[in-house]
Amino acid sequence: MNVDSKMANVAVIGAQWGDEGKGKVVDLFSDKADIVVRFGGGNNAGHTLVVDGRKTVLHLVPSGALHAHKLCIIGNGVVVDPEVLLEEIRGLKENGFLLDDSLLRVSEEAHLIMPYHKSIDLARERLRGKGKIGTTGRGIGPAYEDKVGRVGIRFVDFLEEDTFRDKLRHNIEEKNLYLKAILKEKTLQFDEIHEAYCGYREKIRKYVANTTLVLEKEIKAGKKVLFEGAQGTLLDVDHGTYPYVTSSSTVSGGVCTGAGLGPQNIHQIIGISKAYTTRVGSGPFPTELQGPEEQKLREEGEEFGATTGRPRRCGWFDAVGVRHAIRINGMTGLALTKLDILTGFKKIQICTAYRYDDQDHREFPSSLRAMERAQPVWEEMEGWNEALSAAREFTDLPIQAQRYVRRLEEILAIPMVLISVGPGREQTILLKNPFH
Ligand code: IMP
């Protein structure tokens, strides 16, 4: 696959419930970008990349780190667990990546995930019992709550010892009351946390910068930027299956707030979707399968969470959800991943509408109850038995697979720009260069 070097700034956004294979697509496109930016989420994300047969999972550092000389930026919209970040940097360096520290920049306005965020996240999930959201338990929701509640600790606060100490002391007092009285949870010690975080601070200091200025300067100098989405549109806090969502803006609009630049700086918005659907955690999932078909998708697709190892729920392609994602993000093209996993199914289904209240609905409902009642309206396609992993051109695909892709383009009214037929960089069919 060969991506032209004359590319615009591109955002890569999940069109489903996360885990669409954004890591691989971002990795491919990183090759032609100068800068790769994460703009939201935290270490709830897990991007699995296979380079030269070696698997690397990144949670916070943008996937550009696996290419030489790329500037990687963790934007202000990201929530950062410093312990996890340092561990990831250590692992990357150990494998020969990120050897130049000036190639990683962390926004001074990004918020820190603190131990109380994790305690609160886990305790609330436990108390919710059956109604739990199924969070990753990484403290993401409580960290964003503190940000919006104006009590969060940003990197710029972290670097100022007095500010950090005061904020931490105040927060721990308040969180301990909540942990003890409401959540019936163990309280936390100021000294312990303060000492550990001061240790992280000295190692992280060199990466912290005003990344909005860095980006402005680089874009003015003609550098090309790739914005790396995390999670997916259907997990977006505004446009997803609320409350079964994550706590950040996962959509293209989140690029502007989470990286600190205007929308005119984003030229292409590429959606990433699997050729089927998966979801990890709780919440409605109309096309979910049960039984041997689900098992086949999970096993062949190795559908286990990159962050938590949880088995993912699997189902057929949901065109209602993906159409919603295309509209909300203004997607200009779609990359279809894991088409190879559909090999061996006699029939393949596409959900073209939801049926509830005795009517077919083509639009994604905002109501959780409607989503829970929605029954898929199926369109059936012929399957194929040939393995796809060696295909490099569209015409290498069996005719049934070609028809499936073309039908998805029609139903979704969007061009496919890329098809992935395996985890390796080379297992890719480029249909249209998104960068022209
Ligand atoms: P949180 O982001 O840990 O608060 O989890 C909220 C919901 O988003 C849960 O259903 C998680 O399973 C889901 N989620 C968060 N991050 C990811 C991801 O990167 N891939 C897939 N699901 C995710």
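Colleague: Hi! Let's start with charge. How far apart are the mean positions of the positive and negative charges of the protein?

Modeller: Hello! They are 1 Å apart, taking the 58 positive and the 60 negative charges of the protein. Do keep in mind that this is a predicted model.

Colleague: Noted, thanks. How many helices and strands does the protein have?

Modeller: There are 13 helices and 20 strands. The radius of gyration is 22 Å, close to the 22 Å that the globule rule gives for 436 residues, so the protein is as compact as a globular protein of that length.

Colleague: And what does the C-alpha trace span along its principal axes?

Modeller: About 65 × 50 × 35 Å.

Colleague: What share of the residues count as buried?

Modeller: 59% of the 436 residues do. As for the accessible surface, the protein has about 18200 Å² of it, and 48% of that belongs to carbon and sulfur atoms.

Colleague: What about contacts between residues at least 6 apart in sequence: what percentage join residues at least 24 apart?

Modeller: That comes to 75% of those contacts.

Colleague: Let's turn to the sheet. What is the strand order in the open sheet of 10 strands?

Modeller: Reading across, the order is S9-S7-S5-S2-S10-S1-S11-S15-S19-S20, and the pairing is mixed.

Colleague: Which strands stand at the edges?

Modeller: Strand S9 (208-209) and strand S20 (428-430). Each has a single partner strand, so one side of each is left without a neighbour in the sheet.

Colleague: Can you walk me through some of the pairings? Which way do S5 and S7 run, parallel or antiparallel?

Modeller: Strand S5 (residues 71-74) and strand S7 (residues 104-107) run parallel, joined by 3 bridges. If you want a spot to look at, Ile 73 stands opposite Arg 105 in S7.

Colleague: And how many bridges join S2 to S5?

Modeller: 4 bridges, with the two strands running parallel. There, Ile 35 is opposite Leu 71 in S5. S2 also pairs with strand S10 (residues 225-228), in the parallel sense and over 4 bridges. In that pairing, Arg 38 has Glu 228 of S10 as its bridge partner.

Colleague: Which way do the residues of strand S2 point?

Modeller: Ile 35 and Val 37 point one way, while Val 36 and Arg 38 point the other way. All of these residues are buried.

Colleague: Changing topic to helices. Which residues are buried in helix H4?

Modeller: In H4 (residues 140-148), the buried ones are Ile 140, Gly 141, Pro 142, Ala 143, Tyr 144 and Asp 146.

Colleague: What covers them?

Modeller: The cover includes strand S6 (79-80), strand S8 (111-112), helix H3 (115-128) and helix H6 (161-181). Just after H4, have a look at Arg 150, which takes a positive phi of about 65°.

Colleague: Now a loop. Where is Leu 66 found?

Modeller: Leu 66 lies in the loop between strand S4 (54-58) and S5. Its relative accessible area is 6%, and it is buried.

Colleague: Which residues is Leu 66 in contact with, leaving aside neighbours within four places in sequence?

Modeller: Quite a list: Asp 27, Leu 49, Val 51, Thr 56, Leu 58, Leu 92, Phe 97 and Arg 425. Leu 66 and Ile 120, on the other hand, are 34 Å apart in space, C-alpha to C-alpha, and 54 residues apart in sequence.

Colleague: What about Ser 252, where is that found?

Modeller: Ser 252 is in the loop between S10 and helix H9 (253-259). Ser 252 counts as buried, at 8% relative accessibility. Not counting residues up to four places away in sequence, Ser 252 touches Ile 13, Ile 266, Ile 269, Ile 328 and Asn 329.

Colleague: Last one! Why does Gln 402 count as buried?

Modeller: Because its relative accessibility is 15%, and buried means under 20%. Gln 402 has its place in helix H13 (residues 399-412). Leaving aside neighbours within four places in sequence, Gln 402 is in contact with Phe 394, Thr 395 and Leu 397.

How values were computed
Residues are numbered from 1 along each chain as its sequence is written. This is a predicted model: local features need pLDDT of at least 70, side-chain atom pairs count only at pLDDT 80 or more; totals for chains, interfaces and linings use all residues. Side-chain values use heavy atoms; hydrogens and water are left out. The radius of gyration is taken over C-alpha atoms; the globule rule is 2.2 Å times the number of residues to the power 0.38. Buried means under 20% relative accessible area, exposed over 50%, partly exposed in between (1.4 Å probe, protein chains only). Contact means heavy atoms within 4.5 Å. Accessible areas come from the Shrake-Rupley method with a 1.4 Å probe; for residues, only the protein chains shown count as cover. Lys and Arg count as positive and Asp and Glu as negative; His and the chain ends are not counted. The place of a charge is taken as NZ of Lys, CZ of Arg, CG of Asp or CD of Glu. Two strands pair if DSSP finds at least two bridges between them.
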